[in-house]
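Have the structure open beside you and find each residue as we go.

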Amino acid sequence: MCFGGLFIVRVVHVRIVTMLIMRPPRSPQYLEPYASAARQHGPGFKALLWASRATQAQRFDALAKLCNLTGKSVLDVGCGHADLAGYLIEHRIEYAEYRGLEAMDDFATAAEKKDYPRCTIARGDFVTEPVKMFVAADVVVFSGSLNTLDQETFYATLRRAFDATAHQLIFNYLDSPYLANARFLTWHRPDMVLAFARGLTPDVNELSNYMEGDRTLLLEKA
C-alpha cells in the first residue's frame, strides 16, 4: 500500500512538473495587457490597445508638430507594428533612420514584414533592458508605450531614455482619468510630469490641445 501510494505521488509530481515546464512564461504586468489582447484578437492592430487608428494618428500628428523628425535618426520605443514609420513615410517626413524596439515578438515580426526603408527592428523590453535604448538616436520616441507602466517605472524609464537620446526625447502620456478607463492604464498629473521633465532639462515644450486626456512633451538636451 505504501509503495502504491508513493508511486501515485510520484506520478502526480511528474505531471505537475511537466505542466509547469509546458506552460508559457507569463508576461510582465505592464506587457500582459498586450499579450492578453494578442491571445484574444491575434497580433493585429487591436492587440496594440489603441482605441482606433484615428486616435493613433492624432498622437502621431502631435509628435510631428512638436518635433521636426526630418533628417533625424529615430528610436521608437515600444514600436508595435512600426506604425510611426509608416506615418512618417505617408506624410513625407524624411527620417535618416528609423529603429524600432519592441518586446512583443509577434509585433516585432509584423513590423519587420512591412520592410520600410532605412528601418530596423530590435527585440527587447525597455524596462528590463534599458541598455537597448542606448543606440545614439537623435530622437527617442514613446507613443502609447508608457501607458501601462506604474508611476515609478514611468519616471525611471523617462530618465533612462533622456540619458540615452543624443538630442531629444518626445513622449505622450495619459494626463487624466478620461482615457485611462481600463485597470491596466495609468494616468499622471501634468504638473508633476512637467516638474520632472524640467528637472532633466530647462528646455521643455508640451502640446495638450489635440485630444482630451492625452499630452505630449518634448525634452531637448542642452
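1. Let's begin with a term. A disulfide is a pair of cysteine sulfur atoms within 2.5 Å. Keep that cut-off in mind for the cysteines in point 3.

2. Some ground rules before we look. The model is a predicted one, so local features need pLDDT of at least 70 and side-chain atom pairs count only at pLDDT 80 or more, while totals for chains, interfaces and linings use all residues. Residues are numbered from 1 along each chain as its sequence is written, and side-chain values use heavy atoms, with hydrogens and water left out.

3. How many disulfides does the structure hold? It has zero. Take Cys79: it is in no disulfide, and the nearest cysteine sulfur, in Cys119, sits 7.6 Å away. Seen from the other end, the closest cysteine sulfur to that of Cys119 is the one in Cys79, and 7.6 Å is too far for a bond. Cys79 also counts as buried, at 7% relative accessibility (buried means under 20% relative accessible area, exposed over 50%, partly exposed in between, with a 1.4 Å probe and protein chains only).

4. Now the charged side chains. A salt bridge here is a side-chain nitrogen of Lys or Arg within 4 Å of a carboxyl oxygen of Asp or Glu. The structure holds eleven of them. One of these joins Arg39 and Glu32, at 2.4 Å from N to O. Are the two partners buried or exposed? Arg39 is exposed, with a relative accessible area of 58%, whereas Glu32 is buried at 11%.

5. Next, have a look at Arg59 and Asp214. Their salt bridge has its closest N and O atoms 3.0 Å apart. Arg59 lies in helix α3 (residues 53-66) and Asp214 in strand β7 (residues 214-220), so this pair ties together parts that are 155 residues apart in sequence. (Helices, H or I with at least four residues, and strands, E with at least two, are DSSP runs numbered from the N terminus.) Both Arg59 and Asp214 are buried.

6. Asp83 and Lys114 form another salt bridge, 2.7 Å from N to O. This pair links distant parts of the chain, 31 residues apart: Asp83 is in helix α4 (residues 83-90) and Lys114 in helix α5 (residues 105-114). Asp83 is buried, at 12% relative accessible area, but Lys114 is partly exposed, at 32%.
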